[in-house]
Amino acid sequence: MKKLFALLLALLMMILPAMAEQQKLTPADERLTAAGYVYIATSNRSNWYPLPEEGADPYEVTIQKNDADGNVCENVVCITPEGAYMLRSNCDNQDCIDQGIVTLANKDTRILSNWIVCLPHQVIVELYTAQEVLDMMLASITSSTAASDNTAE
């Protein structure tokens, strides 16, 4: 169910005129042509963000939440035309920053593949090609349809 929700959210993020942090999506005719998409998930929310087109400026996404002790946990992800990286984090170990950039070119050869993980703050950043996102959406629709067909009998 969470995957279905995430995939539906991805579709909405491609259609809606504005993203989190008040970043604007590209014009309507270009929304579905981003080379890739970044999925950012925490313990209580998730969002999809398109890679900017080649030559466009990168943009930042700030994730903030309070831990059990009331401390503010903050991560800042920089999304570039090539991929994404953890720009800043106030976590103790800074491993998420040391993981470097994940790009469409290197995601298949990195140790963590298409992921950047901040364990102390429970933040996961994933990079997918546009085709991978479409494949996930189609798989979700297909499995949802099959499940509803089974319950209708």
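Which loop holds Gln94? Gln94 sits in the loop between strand 5 (83-89) and helix 2 (95-98), where helices (H or I, at least four residues) and strands (E, at least two) are DSSP runs numbered from the N terminus. Please keep in mind that this is a predicted model, in which local features need pLDDT of at least 70, side-chain atom pairs count only at pLDDT 80 or more, and totals for chains, interfaces and linings use all residues. Residues are numbered from 1 along each chain as its sequence is written, and side-chain values use heavy atoms, with hydrogens and water left out.

**Backbone angles in two glutamines**

- Here is some background: most residues other than glycine have a negative phi.
- Gln94 has a positive phi, near 60°, and is not a glycine.
- Gln94 is partly exposed, with a relative accessible area of 27%; buried means under 20% relative accessible area, exposed over 50%, and partly exposed in between (1.4 Å probe, protein chains only).
- Gln122, likewise not a glycine, has a positive phi of about 55°.
- The loop that holds Gln122 runs between strand 7 (115-118) and strand 8 (123-129).
- Gln122 counts as partly exposed too, at 48% relative accessibility.

**Strand 8 and its partners**

- Five of the seven residues of strand 8 are buried, so this strand is mostly covered.
- Strand 7 and strand 8 run antiparallel and are joined by four bridges; two strands pair if DSSP finds at least two bridges between them.
- Within that pairing, Val117 has Ile124 in strand 8 as its bridge partner.
- The hairpin of strand 7 and strand 8 has four residues between the strands, and Gln122 takes its positive phi near 55° there.
- Strand 8 also pairs with strand 1 (residues 36-41), in the antiparallel sense and over six bridges.
- Across from Ile40 stands Val125 in strand 8.

- Ile101 is placed in the loop between helix 2 and strand 6 (102-103).
- With 34% relative accessibility, Ile101 counts as partly exposed.
- Leaving aside residues up to four places away in sequence, Ile101 touches Thr80, Ala84, Tyr85, Asn106 and Arg110, where contact means heavy atoms within 4.5 Å.
- From C-alpha to C-alpha, Ile101 and Ile116 are 8.3 Å apart in space, and they are 15 residues apart in sequence.
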